[in-house]
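Me: I'd like a close look at one part of this model, please. Could you walk me through it in one go?

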Amino acid sequence: MEKVKLNNGVEMPCIGLGVFRIEDNNEAQRVVETALKVGYRHIDTAMYYHNEEAVGKGIKNSGIPREEIFVTTKMWNADQRSGKVKEAFEASLKKLGLEYIDLYLIHWPVEGKFIDTWKKFEEIYHSGKVKAIGVSNFKPHHLEALAKEQTIVPAVNQIELHPYLIQEDTLDYCKKAGIQVEAWSQFAANQLGLFDEKVLKDLSDKYSKSPAQIILRWDYQRGVVTIPKSANEERMKQNLDIFDFSLTEEEITAINSLNKNKRVGPDPDHVDF
Ligand SMILES: NC(=O)c1ccc[n+]([C@@H]2O[C@H](COP(=O)([O-])OP(=O)(O)OC[C@H]3O[C@@H](n4cnc5c(N)ncnc54)[C@H](OP(=O)(O)O)[C@@H]3O)[C@@H](O)[C@H]2O)c1
């Protein structure tokens, strides 16, 4: 598995498995065990997904050494609002049954709170219980506000990103600031009919790859880490199999031109949940 180096030297596998909307604990554990069996070494969960315990069990049952697996979890908005940041972190650690987390993210930029939260994240980082800290759903203006107060630059910004929402501004900002961009809902969660786009179908025919693989390759060539969710073993394998072909610059531009600035998730400027 190819890796990217984060701004503090920590290495992160370019593709991970997302486990959002898998709340049944047995199913979540099965999915994680299957993913690790077929070659995943990066799992993306969150307190909000209610499956950290199952993810931890899946990791333990896999028999793969802990240090070979990159585990991300995220702090939920209610814990930012209550200021119980360290308590939330400890709760995630306990549920996962791990001694450290590879990447801990602020899930959403809760207005009036995210800077104070980040200061506590910096303390958690210094405690050594997390290898890297980052943010999620931050627009450039959130990152600019944070930059005025931070002593640690976020290692990662995990954002909604797919061919209908190509996020050029945030990508440019993060590249300049040394922040790794990671895409969520890279297939628009299979809700917007992205796989039926002619551009993707034509490239799929040309390279004998699925539209999903074309999207993941487009991300990879734009320097974006991806965490496709799949509960299906064959699709899990497919989503890892993107390193034996290459899109041309023109093809990347053609995919970029699908952009409609259309989201499947909330707009980070309205975090009222
Ligand atoms: N930070 C945030 O705020 C945030 C928000 C949302 C999500 N996330 C993270 O991002 C991860 C991914 O996003 P997502 O779960 O919203 O959606 P996604 O990965 O864009 O799409 C998942 C959907 O695509 C299907 N799929 C997967 N691989 C496929 C393939 N090769 N061909 C055809 N269909 C395929 C899956 O079905 P099957 O399972 O049946 O294969 C599922 O229905 C989440 O699991 C979560 O970890 C983060």
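Reply: Happy to. This is a predicted model, in which local features need pLDDT of at least 70 and side-chain atom pairs count only at pLDDT 80 or more, while totals for chains, interfaces and linings use all residues. Residues are numbered from 1 along each chain as its sequence is written, and side-chain values use heavy atoms, with hydrogens and water left out.

The lining of the largest pocket has 17 nonpolar, 15 polar and 4 charged residues (Ala, Val, Leu, Ile, Met, Phe, Trp, Tyr, Cys and Pro count as nonpolar, Asp, Glu, Lys and Arg as charged, and the others, Gly among them, as polar). A pocket here is an open set of points on a 1 Å grid over the protein atoms alone, where a 1.4 Å probe fits, with protein on both sides within 12 Å along at least five of seven lines; lining residues have an atom within 4 Å of a point. Of the 36 lining residues, F20, R21, S185, A189 and K229 lie nearest the centre. Helix α10 (233-240) gives the largest share of the lining, 3 residues (helices are DSSP runs of H or I, at least four residues, numbered from the N terminus).

The ligand takes up this pocket (more than half of its atoms lie within 2 Å of the grid points). Around the ligand are 29 residues, the closest being D44, S185, K229, S230 and R235 (a heavy atom within 4 Å counts as near). An oxygen atom of the ligand lies 2.8 Å from a polar side-chain atom of Q186, and a backbone N or O atom of F20 lies 3.0 Å from a ligand oxygen atom.

Key
Helices (H or I, at least four residues) and strands (E, at least two) are DSSP runs, numbered from the N terminus. A polar contact is a pair of N or O atoms within 3.5 Å; within protein, one must be able to donate a hydrogen and the other to accept it, and residues adjacent in sequence count only if both atoms are side-chain atoms.
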